[in-house]
Amino acid sequence: MRPTAKIIGHGLAVLALTLITQIGGVAWLLALPFRRFWLALTATYALLWLTAFTLAPLTGRVALPCFGDSLRSQSVLYCALNRHYVTPTLLTLTTDLAAHMATTHPGSVTLTLDAGFPFTNLPLLPHLSHDDGEKLDLALYWENQPGRSKSPIGYWGYASGPTNCPTRWADLRWDMALLNAALPNWPLDAPRMKTALTFLANDPRTGKILIEPHIPAALAVAHPKIRFQGCRAARHDDHIHLQL
Ligand SMILES: [Zn+2]
């Protein structure tokens with residue numbers, strides 16, 4: 001490969017890994033001098049992952065639990081990619097929610113999706129607002145499926161319902177029709193969803209909750225903090241967006 005093409009290739013890899021994991025780009029650069037590059041990349045990434053886990057609290061971010069009975073990451077990917085960092089207040093709010101869910105509906109498992117990166121206020125793409133550790137996406141609760149999501153990563157498995165949003169030829173409201181046709185047709189767990197939304201809305205630490213309006217409407221839950229994300233943002237009937 002030509003030297004310029006090689007540099008561009010490395011540049012793109014560093015950019016992509018930085019955008020996806022924050023620390024991956026640095027790991028790539030550190031691994032470059034080694035002859036066994038992929039082994040070195042794995043080792044430097046693991047080392048930086050542990051360093052981020054240890055140092056993030058000094059900058060006001062803590063990691064959400066990756067594993068656990070009543071609260072855990074929906075997929076280890078969110079943890080492996082460093083996308084599970086929040087402020088200590090959001091961690092305690094999430095822990096309290098999970099404990100409340102497990103008490104009121106035994107066997108409940110609260111699953112976390114994308115949160116934030118360990119350092120800086122750079123947004124965690126594609127969520128432009130997930131930039132300060134005060135935002136977290138939670139998986140929906142599905143009937144008779146504790147600890148499980150409709151789709152492999154939690155997102156894009158919709159609890160479809162009526163919407164007033166116009167169909168545009170290009171917007172962020174992806175319907176993922178092919179994927180959803182292949183996913184199981186589970187109904188939402190109405191009692192659990194209602195308990196979770198009510199608990200979060202009534203907690204003074206919660207700033208707002210974004211969700212597709214047909215979900216709280218069907219559950220007969222209304223609160224000024226429960227809002228519609230708007231027609232220009234991605235669909236929110238595959239997750240709950242929680243922010244302080
Ligand atoms: Zn969100």
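## Pockets

A pocket here is an open set of points on a 1 Å grid over the protein atoms alone, with protein on both sides within 12 Å along at least five of seven lines, and its lining residues have an atom within 4 Å of a point. Its volume is the space filled by probe spheres set on the points, which are joined across faces, edges and corners; the probe is 1.4 Å. This is a predicted model, where local features need pLDDT of at least 70 and side-chain atom pairs count only at pLDDT 80 or more, while totals for chains, interfaces and linings use all residues. Residues are numbered from 1 along each chain as its sequence is written, and side-chain values use heavy atoms, with hydrogens and water left out.

The largest pocket comes out at about 750 Å³. It is lined by 28 residues, and the closest to its centre are Pro126, His127, Asp137, Tyr155 and Ala234. By class, that lining has 16 nonpolar, seven polar and five charged residues (Ala, Val, Leu, Ile, Met, Phe, Trp, Tyr, Cys and Pro count as nonpolar, Asp, Glu, Lys and Arg as charged, and the others, Gly among them, as polar). The second largest pocket holds about 200 Å³, and its lining has three nonpolar, three polar and five charged residues. Among the residues lining it are Arg168, Asp171, Arg173, Asp175 and Arg235.

## The zinc site

Which protein atoms hold the zinc ion? The donors are His130 through NE2, Asp137 through OD and His241 through ND1, lying 2.1 to 2.2 Å from the zinc ion. Donors are N, O and S atoms within 2.8 Å of the metal (3.2 Å for Na, K and Ca), and water is not among the atoms, so sites may look incomplete.

Along the sequence, the donor spacing reads H-x6-D-x103-H. Asp137 sits in strand β5 (residues 135-139) and His241 in strand β8, 104 residues apart, so this pair links distant parts of the chain (strands are DSSP runs of E, at least two residues, and helices are runs of H or I, at least four, numbered from the N terminus). Asp137 and His241 are both buried, meaning under 20% relative accessible area with a 1.4 Å probe and protein chains only.

## Two domains

An automatic or database domain assignment sets the bounds: domain 1 covers 3-58 and domain 2 covers 61-243. Their C-alpha centres lie 29 Å apart. Across the boundary, 13 residues of domain 1 are in contact with 15 residues of domain 2, contact being heavy atoms within 4.5 Å.

Note on methods
Buried means under 20% relative accessible area, exposed over 50%, partly exposed in between (1.4 Å probe, protein chains only).
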